Amino acid sequence: MSDHADAPPFIIGKLEDFAGWARAGSMWPATFGLACCAIEMMSTGTPRFDMARFGMEVFRGSPRQADIMIVAGRVSQKMAPIVRQVYDQMAEPKWVLAMGVCASSGGMFNNYAIVQGVDHVVPVDIYLPGCPPRPEMLINAFLKVHELAKDKPMLRHRKQIAAAAEAAALEATPTSDMKGLLR
Amino acid sequence: MSNEYAAASATAGLADDDGAAPEFTVFGGDWSDVAEEATRLGEQRLVFNMGPQHPSTHGVLRIMLEVEGETVTEARAGIGYLHTGIEKNIEYRTWTQGVTFCTRMDYVAPMFNEAVFCLGTEKLLGITDDIPERANVLRVLMMELTRIGSHLVAIGTGGNELGATTVMTTAFIGREETFKVIEAITGLRVNNAYIRPGGVAQDTPDDAVEMIRAMIPLVRQRLDELALLQLENPIFKGRLQGVAHLDLAACMALGITGPMLRSAGVPYDLRKAEPYSGYETYDFAVPTSTDADAYSRVVLRLEECYESLKIVAQCADRLEELKGAPVMVADKKIAWPAQLSIGTDGQGNSLDHIRHIMGESMEALIHHFKLVTEGFSVPAGQAYAAIENPKGLLGVHVVSDGGTKPWRAHFRDPGFNNLQALSALTEGGQVADVVVAIASIDMVLGGVDR
Amino acid sequence: MSDAIDNRPAADADLAPVTPGGRTLINVRQGMFGARGDTTGYDRITRFVYEPAPAQRPYGGWFDEVVDVLEELLGDKADAAIESVVIDRGELTLHVAREHLLEVCTHLRDDQDLRFEFCLGVSGVHYPAHVGRELHAVYPMQSITHNRRLRVEVSVPEEDPHIPSVTSVYPANNWHERETWDFFGIRFDGHPGLARIEMPDDWVGHPQRKDYPLGGIPIEYKGAQVPSPDQRRQYR
């Protein structure tokens, strides 16, 4: 929250900080473990890695009470409508973490049965590669989602900010055109 | 979720409903509205959905429950929500790459998928007797450690679903102890692709035997804690004893294997009946019970973990004796050529191996190249291999057309077979017992759906 | 392909044409070393890969006893029912005609010398090269009493893919037959509820047949495209 033209007015800024801190501090995942990544996600909740330090060990069965949907595992064609339905049932603000390569891009299963990336079905905030990602990698992804949550604007011109971000992303160089980075 | 699903219940012989009882089908919505509507209509029988997104269905399993009050009158399982096309994908990969695919079927016990696929491949190749002893010991070690891990997941998630979260945390800490050893030896915690046709991928680090011996009492401590927490607990006994009963006739009719069959009294374990990978040389027992309910299955799984620890201790002794022995079959046209080692930036190509293939031996370079890119050819024909998974009999039917890629690899997963018993286990019981029944079947939807 | 070397095996004793359907032609393999249209000539080699030849008596081990008992139980239907017996890699495969499958399975389960209590499912295999008998259903049978395993294989053409369901004998095969219907299109007559089990209910096609594509998409990375696994250049 620096002093540039977009900076919020003082009171709203403080409110956003507080709300962001509260949301990031207790972001409850919806139970959406599908495959191998689900077991690693469950392992992250157990004492060796302990998601509870980040306020996240409370997996909510009901999507209404969940803040983040960690799509952990491969999404099959049969499961895709259910992913969307659960996402739609979640209340704002909500985030989606695509855990593992299968959720991010279809992973090693480039075939008829698997949706090649859950971003075909729901908008994803964080992509976490790995097959399966280690619990420490998942915790790293959590910290990044918490950053997103802390910076989420409230009240003021949310739609304008989102539209500006989308326009900037459309203007940016696509990954396939990024050349010369390996020198 | 309405009555358009015409599939009859899995166990033929269940008397069909007289059709006169009125039914009220639920299509989602607020439960209080649904209950109000049902009371208003005076209907008692509801058809609703449990899953596929559900905290306690052990994966994406959908159960269509027809419930009258609290009693389940009909339960049907809908699967396929995790179907990955692994079997078809294996047809486009070499035999060694197939291991990396099949390992992700039953993701709670990945080593068994790899082992059975490799046993089938080795049967086709005809090298079953040529697998070096150290490789067999490592395979047994990995399988038993994974068996402990799988049973701990079954017991832990079973407890978690009953509301006892401490059971889950205790079980998973025990599992983490096994993972430390598995990670030190294979490089990964799960989905390791360690067991490959011809042997195992790489040898153990130098301190592996000490690590294994240090791990055994830690795991035993967790198993003792689980036993103390659960087995005499009156709530646990109340919820599990007499629940999900499946007697011997039903087990035999439904082709049930594994702890469910052993809880019905048949001491059938493929490690004893058709030993593979040297199991006949290990000293262990096969726990059996006759109660055939969910409680006895939990007891059996705990006891199997103790037996697995015995086997692990014997493996550690043998690894010490066989230090320096090869871990891959001697035939260089089949043996996986690459060696890995831990460097400053993690696990990577062993520099000794690179020096050998680049500087010392042209044949080694050629073999490395051809085996990694093309793979070895397997003579045409078909073979069937079966091993004892933590869940039951895991079988693979492999067909080769003489090429470097399988023509067909079909896996008979015990969870797929045992899940057919769900209707028999739950109908007539209460809705809360459905959760217990699923936990006692202990299937993994990755294996069920493949 | 007119000057290709014809590698078709000669019609001599090796093929033993004793069975109506003939030995399974697993695949016709064209080319070696992935060669395509180069000057080596390796792209023109054609190899007809058959399954191992039917076994000759005595089979060895317990195979003789089992086949004798089964033939005795089947009586004069034995020749029609058991098309051929293949013994390969220490395993017994009985090729059974589909009309007699139920009877064979009943005998396998019930007779005290056979007692194959478990049927370990149905594995479908598609051999498009074996015209007239493309779809095979393989039933591994496990006997706990005698601790042995054999395989029953039924072959049907793609135009008429009907096999009687063995769920009346082995109820455990219920879901396995549904899966084989789902993936191969083999219809099991008499199955209590033959519906798709793994694919969505409205899926078209039978995914694990060889003429069904893998269905992958090309992977794009920094301007390059890696084709789906079934489209890539590959060794076979």
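Me: Which residue of β4(C) stands opposite C:Val86?

Reply: That's C:Thr93. Keep in mind that we're looking at a predicted model.

Me: What makes β3(C) and β4(C) partners?

Reply: Two strands pair once there are at least two bridges between them. Strand β3 (residues 82–88) and strand β4 (residues 91–96) of chain C are joined by six bridges and run antiparallel, so they meet the pairing cut-off of at least two bridges. They form a hairpin with two residues between them. In the turn, C:Arg89 has a positive phi of about 55 degrees.

Me: And what makes β3(C) mostly covered?

Reply: The count of buried residues: five of the seven in strand β3 of chain C are buried. For chain C as a whole, 37% of the 236 residues count as buried. Chain C has four helices and 12 strands.

Me: How confident is the predictor in chain C, going by mean pLDDT?

Reply: The mean pLDDT of chain C is 83, with 90% of its residues at 70 or more. Residues 1–20 of chain C are a stretch to watch: pLDDT stays under 50 there. The model has 24 contacts for that stretch beyond four places in sequence. As for the scores of the model, ipTM is 0.86 and pTM is 0.88.

Me: Over to chain B. Why does its radius of gyration agree with a compact globule?

Reply: You set the value against the globule rule. For 450 residues, the rule puts a compact globule near 22 Å, and chain B has 24 Å, so the two agree. The C-alpha trace of chain B spans about 85 × 45 × 40 Å along its principal axes. As for burial, 57% of the 450 residues count as buried. The secondary structure of chain B comes to 18 helices and 11 strands.

Me: How many of the contacts in chain B link residues 24 or more positions apart?

Reply: Counting contacts with a separation of 6 or more, 69% in chain B are between residues 24 or more positions apart. In chain C, 54% of the contacts between residues at least 6 apart join residues at least 24 apart.

Me: Why is helix α3 of chain B called largely enclosed?

Reply: A residue is buried if 20 or more other C-beta atoms lie within 10 Å of its own. Six of the eight residues of α3 (residues 95–102) of chain B are buried, so the helix is largely enclosed by the rest of the structure. Those buried residues are B:Trp95, B:Thr96, B:Gly98, B:Val99, B:Phe101 and B:Cys102. They pack against α2, α4 (110–125), β5 (195–196) and β11 (406–412) of chain B.

Me: Is B:Asp352 buried or exposed, and how do you know?

Reply: B:Asp352 has 10, so it is exposed. B:Asp352 is found in helix α13 (residues 351–360) of chain B. B:Asp352 and B:Met443 are 91 residues apart in sequence and 43 Å apart in space, C-alpha to C-alpha.

Me: What does chain B put into its contact with chain C?

Reply: Chain B puts in 45 residues, in contact with 41 residues of chain C. Among the elements of chain B that each supply at least two residues to that side are α9 (248–253), β9 (381–388) and β10 (393–400). By class, that side of chain B divides into 20 nonpolar, 15 polar and 10 charged residues.

Me: And which element of chain B gives the most to the side that touches chain A?

Reply: The contact takes 24 residues from chain B and 27 from chain A. On the chain B side, α6(B) gives the most, with five residues. That side has 11 nonpolar, 10 polar and three charged residues.

Me: Last one: why are β1 and β4 of chain A called edge strands of the sheet?

Reply: The four strands form an open sheet in the order β1-β2-β3-β4 (chain A), with parallel pairing. β1 (29–30) and β4 (126–128) of chain A each have a single partner strand, so one side of each is left without a neighbour in the sheet. Strands β2 (residues 68–72) and β3 (residues 95–99) of chain A are joined by five bridges, and A:Val71 stands opposite A:Ala98 in β3(A). Helix α2 (residues 36–45) of chain A packs on the sheet, touching β2 and β3 of chain A, and its direction makes about 130 degrees with that of β2(A).

Notes
Residues are numbered from 1 along each chain as its sequence is written. Chains are lettered from A and ligands numbered from 1 in the order in which they are written. This is a predicted model: local features need pLDDT of at least 70, side-chain atom pairs count only at pLDDT 80 or more; totals for chains, interfaces and linings use all residues. Two residues are in contact if their C-beta atoms, placed from the backbone, lie within 7 Å. Ala, Val, Leu, Ile, Met, Phe, Trp, Tyr, Cys and Pro count as nonpolar, Asp, Glu, Lys and Arg as charged, and the others, Gly among them, as polar. The radius of gyration is taken over C-alpha atoms; the globule rule is 2.2 Å times the number of residues to the power 0.38. A residue is buried if 20 or more other C-beta atoms lie within 10 Å of its own, exposed if 12 or fewer, and partly exposed in between; C-beta atoms are placed from the backbone. pLDDT is the predictor's confidence in each residue, from 0 to 100. Axes are lines fitted to C-alpha atoms, for helices over the stretch in contact, and angles run from 0 to 180 degrees between N-to-C directions.
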